Amino acid sequence: MTFTELLRNVGLFGAAVMCCLAALSVFSVAVIVDKHRRFRLAARQSQIFKPMFTKFLHGGEIQELIDAVRLHENSHVAQVVSAGILEYDGVRQAGGDPVASLELVTSALRDSISETLIQLKRGLGFLATIGSTAPFIGLFGTVAGIINAFRNIAATGSGGMSVVSGGMAEALVSTALGIFVAIPAVVAFNSFTGKIETFHVEMNRASSQVLNCLFKIPEIRVPQIDEDQVKVPVKKGGPAYAAR
């Protein structure tokens, strides 16, 4: 049986199932290509950004790091570091106290990680839905094909292969199409989920490094400057806040 003959024997319900699976396949491929491009760009820019971030951790200037962040906006690590550094720099320039700065920077880092994870996971739910439902949609086509085969038997009064071949072919094609659509979606979903876990670890590590650098060892990274260049808000019972 040729493909044209198969299409002529496909019933209305079976055709609807096949069209639905074809549409899901197109959308699935589009999401996979888009997420792959975004993840590859994020990983590449993060690798370029990490040496600049390491330089800052060993005594580099905040402004140099801020300039580097602006050049790597697609990096998940740069997005998190940017949130903490900009919050810290804003409080520092406003003359805020260290305790308030620590709380604000920690909150900014946490919110940035959450927002970045939301952006990275966008579209993965669609892939998971396709991967889990496409075989069942194909099963609908299988049932429709079998029903079509029995209808042909009832119409002709015989059960030869020439009578049932059209319906059985429709059933098998629907099943195969459902599996064909589901497999790439499931593989891509698992792969992207693993990458997001890796990105999450990298963002948490960068967040901890930012906090350690800014608040736990300030004497190593703050250069010696004159007292008249430092705005030190006085707080009873609290440490002095030295500008970087």
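The structure described here is a predicted model, in which local features need pLDDT of at least 70 and side-chain atom pairs count only at pLDDT 80 or more, while totals for chains, interfaces and linings use all residues. Residues are numbered from 1 along each chain as its sequence is written, and side-chain values use heavy atoms, with hydrogens and water left out.

The chain contains 8 helices and 0 strands, where helices (H or I, at least four residues) and strands (E, at least two) are DSSP runs numbered from the N terminus. Of its 244 residues, 38% are buried, that is, under 20% relative accessible area with a 1.4 Å probe, protein chains only. Contact means heavy atoms within 4.5 Å; among contacts between residues at least 6 apart in sequence, 78% join residues at least 24 apart.

Two or more lining residues come from each of helix H2 (12-57), helix H4 (76-94) and helix H5 (98-121), with H2 giving the largest share, 7 residues. By class, the lining has 4 nonpolar, 6 polar and 5 charged residues (Ala, Val, Leu, Ile, Met, Phe, Trp, Tyr, Cys and Pro count as nonpolar, Asp, Glu, Lys and Arg as charged, and the others, Gly among them, as polar).

H2 also packs against helix H3 (residues 62-71), at an angle of about 175° and with the axes 10 Å apart. Axes are lines fitted to C-alpha atoms, for helices over the stretch in contact, and angles run from 0 to 180 degrees between N-to-C directions. The two helices are therefore roughly antiparallel, a term for angles over 145 degrees. On the H2 side, Gln45, Phe49, Met52, Phe53, Lys55 and Phe56 meet Ile62, Glu64, Leu65, Ala68, Val69 and Leu71 of H3. This contact has 9 nonpolar, 1 polar and 2 charged residues.

The loop between H3 and H4 holds His72, which is buried, with a relative accessible area of 7%. Apart from neighbours within four places in sequence, His72 is in contact with Gln45, Ile48, Phe49, Met52 and Ala78.

Methods:
Angles under 35 degrees count as roughly parallel, over 145 as roughly antiparallel, 65 to 115 as roughly perpendicular and the rest as oblique. Buried means under 20% relative accessible area, exposed over 50%, partly exposed in between (1.4 Å probe, protein chains only).
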